[in-house]
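Morning. I have one chain to go through today, and I will keep to what can be computed from the atoms. Please look at the structure first.

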Amino acid sequence: RVWKILVSDGNGKNCYCAIAELGGKEVRGAVLSDPVEDTELPARVTLFQGLPKSDKMELIIQKAVELGVHEIVPVDTMRTVVRLDSKKEEAKIKRWNSISESAAKQSGRLIIPKVLPVMKLKAALDFCGSFELKIIPYEESELLDCAGGMEYALSLTL
């Protein structure tokens, strides 16, 4: 019996392989096909997410990865209740990237979306400065000169 598996390099390339040999800490296989057709979204979506209370960020990361985001940027805003010191932040980012990896594997993603370090709002706005399209679904975002707001977001057809 031949066991076929889908192997991913985590950077967007997948191919089917046949398991040839199982060892203690390694699996050897033979490539059976050309790379699998790209199933990633045609646009690179970056989610900028304000830090929520408790462990809600974990669910947000999981669902965002399952929906196809390319990367996630946690944002520390003026009204954010959660405050992370550098030691806590490092542990959280590691945990969040682990959740992203699990969600990517579960949903058959070709890439593992990165959860970037926490940014202040100003840094996040600067970071997205060169993005082709910016949508800030916030009821008063029309007052911001960097993006369209709720009305604009609702007018888009996917």
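Among contacts in the chain between residues at least 6 apart in sequence, 50% join residues at least 24 apart. Contact here means heavy atoms within 4.5 Å. This is a predicted model, where local features need pLDDT of at least 70 and side-chain atom pairs count only at pLDDT 80 or more, while totals for chains, interfaces and linings use all residues. Residues are numbered from 1 along each chain as its sequence is written, and side-chain values use heavy atoms, with hydrogens and water left out.

Next, the secondary structure. The chain has four helices and seven strands, in the order β-β-β-β-α-β-α-β-β-α-α along the sequence. Both kinds of element are DSSP runs, numbered from the N terminus: helices are H or I with at least four residues, strands are E with at least two.

Now the sheet. Three strands form an open sheet in the order β1-β2-β3, with antiparallel pairing. Its edge strands, β1 (4-8) and β3 (27-31), each pair on one side only. Two strands count as paired if DSSP finds at least two bridges between them. Between β1 and β2 (residues 14-22) there are five bridges. Within that pair, isoleucine 5 stands opposite cysteine 17 in β2.

On to the cysteines. How many disulfides does the structure hold? It holds zero, a disulfide being a pair of cysteine sulfur atoms within 2.5 Å. For cysteine 15, the nearest cysteine sulfur belongs to cysteine 17 and is 4.0 Å away. Cysteine 15 counts as buried because its relative accessible area is 16%, and the cut-off for buried is under 20%, with exposed over 50% and partly exposed in between (1.4 Å probe, protein chains only). Cysteine 128 is also buried, at 9%. Of the 158 residues of the chain, 26% are buried.

Last, the cores. In soluble globular proteins, nonpolar side chains tend to be buried together. A nonpolar core is a set of buried Ala, Val, Leu, Ile, Met, Phe, Trp, Tyr and Cys residues joined through side-chain atoms within 4.5 Å. The largest one here has 14 residues, and Ile61, Val65, Ile72, Trp96 and Val115 have the most contacts inside it. Two or more residues come from each of α1 (56-67) and α2 (86-106), and α2 gives the most, with five. Leaving aside neighbours within four places in sequence, isoleucine 61 is in contact with Ile72, Trp96, Ile99, Ser100 and Val115. A second, separate core has five residues, including Val73, Val75, Leu116 and Ala124.
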